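Please keep the sequence and the structure in view while reading.

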Amino acid sequence: MGVDLSERERMIGICIPVHNEEALIGQCLESVEHASLHPALHQETVVVAVVLDSCQDTSAAVASRWPVIPLVIGAKNVGKARSHGADYLLRLGARWLAFTDADSCVSASWLVDQLSLQADVVCGTVEISNWADHGVHADRAKQNFDSTYADRNGHRHVHGANLGMSAWHYRQAGGFEPRTCGEDQALVDRLCGQGANIAWSALPRVITSARPYSRVRDGFAAALRSGWN
């Protein structure tokens with residue numbers, strides 16, 4: 001699937017890495033479409049790159065129902081997936097890169113809120129609406145999360161599910177490293193070291209999955225599961 005750039009001067013790119021997310025990616029892409037059509041964007045073009053990394057389910061078929069660009073790789077590596085999608089969007093001329101995950105839903109004002117902060121980088125928080133997947137540990141996991149997580153302005157969380165930055169600063173920092181976990185934190189650490197203006201904000205809203213076992217080791221799911229103890 002190609003994109004005609006002949007009349008395009010401004011563009012926002014959204015990158016979503018996907019690995020076997022057939023059950024959740026549809027909700028994600030529906031939310032992303034709503035965010036892309038927000039009137040406050042003044043009809044600026046938004047291009048969504050869905051990076052299908054080693055998918056063995058129907059994620060690609062589900063994604064094909066939405067106006068997105070599918071990019072197929074076989075890396076089994078979220079850092080490489082995010083990097084691949086970001087590089088593609090940069091080649092199309094994206095001025096701003098926004099990142100989320102296939103198990104997450106963004107708010108209708110997600111992109112507008114990121115841009116309104118007028119920062120080089122926006123690190124947003126995440127919200128969890130359903131703890132049922134934690135079974136008998138659900139109450140304990142929720143209590144631990146609620147007591148330790150800072151869903152407020154000035155937080156210091158980094159989530160690939162709610163992250164945005166200018167194309168220039170992404171390039172300056174060298175993009176995502178090929179890490180199986182922590183690629184988002186590593187990139188933001190480099191941006192901090194380079195003096196980028198970072199908005200640690202709870203304004204851009206994202207609801208994410210509370211599943212206790214994720215596609216990568218030692219990721220957000222592991223942090224949630226730590227509340228079982």
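## Terms and basis of the model

A residue is called buried when its relative accessible area is under 20%, exposed when it is over 50%, and partly exposed in between, as computed with a 1.4 Å probe on protein chains only. The model is predicted, and for that reason local features need a pLDDT of at least 70 and side-chain atom pairs count only at pLDDT 80 or more, whereas totals for chains, interfaces and linings use all residues. Residues are numbered from 1 along each chain as its sequence is written, and side-chain values use heavy atoms, with hydrogens and water left out.

Confidence is given as pLDDT, the predictor's own score for each residue on a scale from 0 to 100. The protein chain has a mean pLDDT of 90, and 86% of its residues reach 70 or more. Residues 1-8, however, have a pLDDT below 50, and beyond near neighbours in sequence this stretch has 12 contacts in the model, a contact being heavy atoms within 4.5 Å. Where pLDDT is low, the predicted coordinates should not be read in detail.

## Overall make-up

The secondary structure of the protein chain comes to eight helices and nine strands, which are DSSP runs numbered from the N terminus, with helices (H or I) of at least four residues and strands (E) of at least two. Of the 229 residues in the protein chain, 53% are buried. Among contacts in the protein chain with a separation of 6 or more, 75% are between residues 24 or more positions apart.

## Strand E7 and its partners

Strands are taken to pair if DSSP finds at least two bridges between them. Strand E4 (residues 96-99) runs antiparallel to E7 and is joined to it by four bridges, with Phe99 standing opposite Leu163. Strand E6 (residues 121-124) is also antiparallel to E7, through three bridges, and here Cys123 is the residue that stands opposite Leu163.

## Aromatic pairs

Rings of Phe, Tyr and Trp (its six-membered ring) are paired if their centres lie within 6.5 Å, and the pair counts as stacked with planes under 30 degrees apart, edge-to-face over 60 and tilted for the rest. By this rule there are four aromatic pairs. In one of them, the ring centres of Phe99 and Phe176 are 5.0 Å apart and the planes meet at 85 degrees, so the pair is edge-to-face. The pair links distant parts of the chain, with Phe99 in strand E4 and Phe176, 77 residues apart from it, in the loop between helix H6 (167-173) and helix H7 (183-193). Phe99 is buried at a relative accessible area of 0%, and Phe176 is buried at 6%.

Another pair is formed by Phe145 and Tyr149, whose ring centres are 4.6 Å apart with planes at 15 degrees, so this pair is stacked. Phe145 is buried, with a relative accessible area of 11%, as is Tyr149, with 13%. Phe99 and Phe176 also belong, together with Tyr170, to one aromatic cluster.

## Cysteines

A disulfide is defined as a pair of cysteine sulfur atoms within 2.5 Å, and a search of the whole structure finds zero of them. The sulfur of Cys105 has its closest cysteine sulfur in Cys28, 6.3 Å away, which is too far for a bond. Cys105 is partly exposed at 25% relative accessibility, whereas Cys15 is buried at 1%.

## Helix H7 and Glu183

Which residues of H7 are buried? They are Glu183, Asp184, Ala186, Leu187, Val188 and Leu191, and the buried residues of H7 pack against helix H3 (78-91), E6, E7, H6 and strand E8 (198-201). Glu183, found in helix H7, is buried because its relative accessible area is 3%. Leaving aside neighbours within four places in sequence, Glu183 is in contact with Val78, Gly79, Arg82, Phe176 and Glu177. H7 is followed by Gly195, which has a positive phi near 80 degrees.
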